[in-house]
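Subject: Structure for your review

Dear colleague,

Please find the structure below. I would be grateful if you would read the notes that follow with the structure open beside them.

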Amino acid sequence: MTVNRCVCHRRSFCELAALSAHHGWTTLADLARETNVGTGCGSCRPYVNAMLITGATHFAVTKVGLPPQPCAPDPWET
């Protein structure tokens, strides 16, 4: 199973990437201010940062302290 959204605020990384590109948001602080992403439990924060840096919208679940790694979408998402 991939990490592909902020669960607390029900926003997919695909949606957030499009919003970021459209509005010129480049930081987690920008996204949090405008969409509330990352302001709930906070577990999406490293993934959102990785999305902003890499453009990837799907990530393998990572261990604490390791950076998120982009991966292919789950088969049921294609």
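A pocket is, on a 1 Å grid over the protein atoms alone, an open set of points where a 1.4 Å probe fits, with protein on both sides within 12 Å along at least five of seven lines; lining residues have an atom within 4 Å of a point. A volume is the space filled by probe spheres set on the points.

This is a predicted model, in which local features need pLDDT of at least 70 and side-chain atom pairs count only at pLDDT 80 or more, while totals for linings use all residues. Residues are numbered from 1 along each chain, and side-chain values use heavy atoms, without hydrogens and water.

The largest pocket holds about 160 Å³ of space. Its lining has 15 residues, with Val 3, Arg 5, Val 7, Ser 43 and Cys 44 nearest the centre.

Thr 2 lies in the segment before β1 (5-6) (strands are DSSP E runs of at least two residues, helices H or I runs of at least four, numbered from the N terminus). Beyond its neighbours within four places in sequence, Thr 2 is in contact (heavy atoms within 4.5 Å) with residues including His 58, Phe 59 and Glu 77.

In helix α1 (residues 13-23), Phe 13, Leu 16 and Ser 20 are the buried residues. These residues pack against β1, β2 (11-12), α2 (28-35), α3 (45-54) and β3 (59-60). Just after α1, Gly 24 has a positive phi of about 75 degrees.

Yours sincerely

Note on methods:
Buried < 20%, exposed > 50% of the residue type's maximum accessible area, 1.4 Å probe, protein only.
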